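Reader: I have a model open and would like to go through it piece by piece. Can we start with how the helix lengths are judged?

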Amino acid sequence: MAAFSSLLSRHRRWFAFACAAVALLSLGWAWSWLSYRRQPASPELSTPKLALADLHAQSLYFNGSAHPWLVALRPDLLTEHRAEGAAERLRAFAQAVQDPALFRKLDRQHHFDGLLLVGEPRQYQPLLDHLLESKDWSLSYVDHTSVVFLRGRVSDWQPAALSVVEQKFSSSRERADFLGLAASKMLSLRKTDVARDLLERADRLGGESLEVLCTRAEYHMNRAEWARSLALTERILSKDPGHLGALATRSWVLFVTKRYEEALMASRKLIEAYPGRSHLLFSHARIAHGRGAFDEEIEVLTRLIRVAQEAGSPTAEYRMYLGQAYAEKSEAKDAIDQLVMALNEGGLPEKQLKYTQELLARIRSRSGL
């Protein structure tokens, strides 16, 4: 049975790259906005109130984080979602942020003319990248909480528009937080120079806003300046040991720099705080794999599959990883079962489909099962 470890070596380099890419895309900061504050933040800062105020669409696509705010602040935009099949539709909307092909399928069904993404960009980065490269959607509005696209080649949003939103905040502390959060959006929109300028302006306001520090850590992470990013997360965590944004950035930087044990410790705090967040569970499974903690990887992937099933989301990709984890432990039958279920479910991208088929064939050949 020891042969199972060796049979994976042929794929390990590609697989490690794929894991890193998927982890980067799927990793999300799942902390509550500005939760560290002793004084409550204004609704304009801590909720998408400003983005929703002037939002108009006949058929609106929105991500999972946007839904409760639409219910509370703009229920008039949800008329379609009160009809039969609403729960299934909402699950598909939530899943589409990680699957642009699913978004296109939904778009053909619902003919969206507006699109709203609320929350931390890494939760929806695959869809955001798709929209930025699309010829039929235009960026219409951005602030510290939200991104809005409209169908068609309308006048593109310009960063100068942020100054109008900034005027909503009178205190230097709230303005610094606004600039830090807006800078994070700029990074996700590939406007790195704008993000840098916003962070420099936030710094000039004085103080040490944790949101500004957190975005600056992300900025250095995106530039592969690992030491600078880690130093900033240490500063944040010295002030707020449970700051989830800093923990998320830190776990990723430690992962890509192969400090797997430390990355695993930071990631454990994240999934303890948010045990039902799929993107955090998946990232944790990848970190556990890098550490060689295959039992922990199996436990988390099994939980992730259960969460996905409850939400009506696909499980094939998770089962592929679970089968690979069982193979690392030379548990051939369990590996075969998961890989077969992944193939039967379908929907794997071409490279992952080929990997799964090849791994399954090799395990069967070596085990005789």
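Author: The expected span of a helix is 1.5 Å times one less than its number of residues. One caution before using that: this is a predicted model.

Reader: Fine. How many residues does H16 have, and how far does it reach?

Author: H16 covers residues 278–291, which is 14 residues. From its first C-alpha to its last it reaches 20 Å, close to the 20 Å expected.

Reader: How many of the residues of H16 are buried?

Author: Eleven of the 14 are buried, so H16 is largely enclosed by the rest of the structure. Among the buried ones are His-279, His-284 and His-289, along with Arg-286. Leu-280, Leu-281, Phe-282 and Ile-287 are also buried.

Reader: What follows H16?

Author: Gly-292, with a positive phi near 80°.

Reader: Which residues other than glycine have a positive phi?

Author: Lys-258 is one of them, with phi near 65°. Ser-330 is another, at about 60°. For background, most residues other than glycine have a negative phi.

Reader: Where are those two, in loops or in helices?

Author: In loops. Lys-258 lies in the loop between H14 and H15, the latter being residues 260–273. Ser-330 lies in the loop between H18 (316–328) and H19 (332–345).

Reader: Is Lys-258 buried or exposed? And Ser-330, buried or exposed?

Author: Lys-258 has a relative accessible area of 62%; the cut-off for exposed is over 50%, so Lys-258 is exposed. Ser-330 has 18%, and buried means under 20%, so Ser-330 is buried.

Reader: Back to H14. At what angle do H13 and H14 pack?

Author: About 150°, with the axes 9 Å apart. H13 is residues 226–239 and H14 is residues 244–256. The crossing is left-handed.

Reader: Which residues make the contact?

Author: From H13 they include Trp-226, Leu-230, Ile-236 and Leu-237. From H14 they include Leu-247, Arg-250, Val-253 and Leu-254. By class, the contact has nine nonpolar, three polar and two charged residues.

Reader: Now the sheet. What is the strand order?

Author: E1-E2-E4-E3, in an open sheet of four strands with mixed pairing. E1 (60–62) and E3 are at the edges with a single partner strand each, so one side of each has no neighbour in the sheet. On average, neighbouring strands are turned by 25° against each other, direction ignored.

Reader: Which helix packs on that sheet?

Author: H7 does, touching E1, E2, E3 and E4. The direction of H7 makes about 100° with that of E3.

Reader: How does E4 pair with E2 and with E3?

Author: Antiparallel in both cases. E2 (residues 114–118) and E4 (residues 146–151) pair over five bridges, and E3 (residues 137–142) pairs with E4 over five bridges. Leu-115 stands opposite Phe-149 of E4, while Tyr-141 has Val-148 of E4 as its bridge partner.

Reader: How many residues are between E3 and E4?

Author: Three, and the two strands form a hairpin.

Reader: You mentioned H7. At what angle does H7 cross H8?

Author: Roughly 65°, and the axes come within 9 Å. H7 is residues 100–110 and H8 is residues 125–133. On the H7 side, Pro-100, Phe-103 and Arg-104 take part; they meet Pro-126, Leu-127, His-130 and Leu-131 of H8. Those residues divide into five nonpolar, one polar and one charged.

Reader: Last one, Leu-73. Where is Leu-73?

Author: In helix H5, which is residues 67–73. Leu-73 is partly exposed, with a relative accessible area of 39%.

Reader: What is Leu-73 in contact with, leaving aside its neighbours within four places in sequence?

Author: Lys-49 and Leu-52. Leu-73 and Lys-49 are 24 residues apart in sequence, and their C-alpha atoms are 7.4 Å apart in space.

Key: Residues are numbered from 1 along each chain as its sequence is written. This is a predicted model: local features need pLDDT of at least 70, side-chain atom pairs count only at pLDDT 80 or more; totals for chains, interfaces and linings use all residues. Side-chain values use heavy atoms; hydrogens and water are left out. Axes are lines fitted to C-alpha atoms, for helices over the stretch in contact, and angles run from 0 to 180 degrees between N-to-C directions. Contact means heavy atoms within 4.5 Å. Ala, Val, Leu, Ile, Met, Phe, Trp, Tyr, Cys and Pro count as nonpolar, Asp, Glu, Lys and Arg as charged, and the others, Gly among them, as polar. A crossing is left-handed if the near helix is turned anticlockwise from the far one by less than a right angle, and right-handed if clockwise. Two strands pair if DSSP finds at least two bridges between them. Buried means under 20% relative accessible area, exposed over 50%, partly exposed in between (1.4 Å probe, protein chains only).
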